[in-house]
Amino acid sequence: MKAKGFRGLWALGLAIVLIVGLAVGASADLGKVYLGWVNATRLNVSDTTTLTGAVTTAGDVVIGDDLTVSDGLSVTGDQTLTGALGVTGAATLAGELKFTAATAITVTAGSTIATAGYTVIPIAASGTVGTSAVTGCATAGKVTVLRNTTAQTITITDTSTIMLGGNAALAQYDTLTLIGDGTNCLQISKADN
């Protein structure tokens, strides 16, 4: 009985020494803890973390704020990105690039087609209509695709900021592709489908 009590006391003493040693070691460098490796089911990081060398994970990686990669980033499998992705340098996609379509915008005579937040915008009308107001497409480098989903003709008027090769009459399934230059929406193409 006494031998078990001594071993338990010794284990408790060792645990206290380890805990105090970790606390002193962590506080000695302003709260930073340096580990050679981490094997964790879940890891939450609330501030800046720098990882050097290869990082491999078999599960999900969730990043609540910015992620900066200064060298190559290789990602396999399906990925979902919410928000903006900035790439400096070349980007290579080996698979499909899919755009989430907005809910169809119903166009009425003279109404505004608001494209902010989307690349592919389905448009619809209950009768033949025209508009010269397309907003959100002038951001420099932004590509916007308007796609008529109804059997009614929707005409986008060539204006001083919606620069087209003439008014664009979009019948059902026709598309108008624009690119922004920072001030204007410039026509790249129009497809009559």
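Val 61, Ile 63, Leu 67, Val 69, Leu 73 and Val 75 make a nonpolar surface patch of about 560 Å², where a patch takes residues with over 30% relative accessible area and no salt bridge, joining nonpolar side chains (Val, Leu, Ile, Met, Phe, Trp, Tyr) within 5 Å and like charges within 9 Å. The model is predicted, so that local features need pLDDT of at least 70 and side-chain atom pairs count only at pLDDT 80 or more, while totals for chains, interfaces and linings use all residues. Residues are numbered from 1 along each chain as its sequence is written, and side-chain values use heavy atoms, with hydrogens and water left out.

**Surface**
- Leu 67, one of the patch residues, lies in the loop between helix H1 (2-27) and strand S1 (105-106).
- Leu 67 counts as exposed because its relative accessibility is 55%, the classes being buried under 20% relative accessible area, exposed over 50% and partly exposed in between (1.4 Å probe, protein chains only).

**Strand pairing around S3**
- Strand S3 is mostly covered, with five of its five residues buried; Val 120, Pro 122 and Ala 124 are buried on one side, and Ile 121 and Ile 123 on the other.
- S3 and strand S6 (residues 143-148) run parallel and are joined by four bridges, pairing being assigned if DSSP finds at least two bridges between two strands.
- Within this pair, Val 120 stands opposite Val 145, and Ile 123 stands opposite Asn 148.
- S1 pairs with S3 in the parallel sense over two bridges, and Thr 106 has Ala 124 in S3 as its bridge partner.
- S6 and S10 run antiparallel and are joined by five bridges, with Thr 177 in S10 as the bridge partner of Val 145.

Technical notes. Areas by Shrake-Rupley, 256 points an atom, 1.4 Å probe, with all protein chains shown as cover. Salt bridge = Lys/Arg side-chain N within 4 Å of Asp/Glu carboxyl O.
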